[in-house]
Amino acid sequence: MKKNSVMTGASPSAEPIVRIRGLRKSFGSHVVLNGIDFDVLPSQVVVVIGPSGSGKSTFLRCCNGLEQPEGGTVEICGRTLVQDGRMLPDHDLNALREEVGMVFQSFNLFPHLSVLDNVTLGPRKLRGLSRKEAEERAQALLTKVGLAHKALAMPASLSGGQKQRVAIARALAMEPRVMLFDEPTSALDPELVGEVLQVMKLLASEGMTMMVVTHEMDFAREVGDVVVVMDGGGIIESGQPATIFTNPTQERTRSFLQAVL
Ligand code: ADP
Ligand code: MG
């Protein structure tokens, strides 16, 4: 089932949950983002594709304050994260990060904590939940990602696909309003990719707002509401998956798709 979105009937007047204007970021003299404008509507799944080095990760990292842009505006969940290249003060930045979950290529679980403790840590420390409340929430999320039976396991004993599903449960435990995924399946053996994409599909069907950098083109086609193509630090085109995959307007999109499909 498709969720609410521009393409599937959300009110066209829905306020964007992410609003980006003129976003610029350089590392030294290397311009990595050259002035990006983009909106994400509530419950949309935006899939970001493009060649390596095109700025996809930097774009995502600018959306939760992991990178400081030098220009432009980023508004997310009703807060202004960056205005004219100036970042929110630390205190507000932390509050915002609680609303924006992020899942990386390299799971980043705490290796010395059990699966359950990985998932309960944030809600206990940052949201003030009691251990009991946090564990109830964690158990429900571990059930959702198919890992209820691994609550007491240590991360080292899990497969890559299981680790990534724990990382997703951990992010969800903070009850984020937006989830960012940066190549969540790129580090996985091919046979483990499907179980992670399945969980992401479930989240999408529940209406989670998601920005997903991935090379999984079938996922982009099936689950994406909008596909954004980046190249050379900018968005070269964006649109519905069917359009981007079958009838792209840019030659650079065509050659990228030819290389990956
Ligand atoms: P992608 O995710 O599309 O592969 P990135 O956003 O990781 O692209 O990187 C875009 C460009 O910015 C690349 O040329 C990369 O080398 C450069 N870059 C990314 N992070 C840094 C950094 N911390 N310091 C210097 N250059 C960086
Ligand atoms: Mg990247």
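Of the residues lining the largest pocket, 13 are nonpolar, six polar and three charged, where Ala, Val, Leu, Ile, Met, Phe, Trp, Tyr, Cys and Pro count as nonpolar, Asp, Glu, Lys and Arg as charged, and the others, Gly among them, as polar. The model is a predicted one, with local features needing pLDDT of at least 70 and side-chain atom pairs counting only at pLDDT 80 or more, while totals for chains, interfaces and linings use all residues. Residues are numbered from 1 along each chain as its sequence is written, chains are lettered from A and ligands numbered from 1 in the order in which they are written, and side-chain values use heavy atoms, leaving out hydrogens and water.

Back to that pocket: it holds about 610 Å³ of space. Its lining runs to 22 residues, and the ones closest to the centre are Arg-97, Met-102, Leu-126, Arg-170 and Met-174. A pocket here is an open set of points on a 1 Å grid over the protein atoms alone where a 1.4 Å probe fits, with protein on both sides within 12 Å along at least five of seven lines; lining residues have an atom within 4 Å of a point. Grid points are joined across faces, edges and corners, and the volume is the space filled by probe spheres set on them. Helix H3 (115-127) puts in the most, six residues, and helix H2 (90-99), strand E7 (100-103) and helix H5 (160-172) are also among the elements supplying at least two each. Helices (H or I, at least four residues) and strands (E, at least two) are DSSP runs, numbered from the N terminus.

The structure has 14 salt bridges.

Then there is ligand 1, whose shell (residues with a heavy atom within 4 Å) includes Phe-27, His-30, Val-32 and the run from Pro-51 to Thr-58. By class, three of the shell residues are nonpolar, seven polar and one charged. Oxygen atoms of the ligand lie 2.5 Å from a polar side-chain atom of Thr-58, 2.8 Å from a side-chain N or O atom of Lys-56 and 3.1 Å from a backbone N or O atom of Gly-55; a polar contact is a pair of N or O atoms within 3.5 Å. The protein covers 60% of the 560 Å² of accessible area (Shrake-Rupley, 1.4 Å probe) that ligand 1 has on its own. Strand E2 (30-40) and helix H1 (56-62) each give two or more residues to the shell, with H1 providing the largest share, three.

Note on methods: Polar contact = N/O pair within 3.5 Å; in protein donor to acceptor, adjacent residues only side chain to side chain. Salt bridge = Lys/Arg side-chain N within 4 Å of Asp/Glu carboxyl O.
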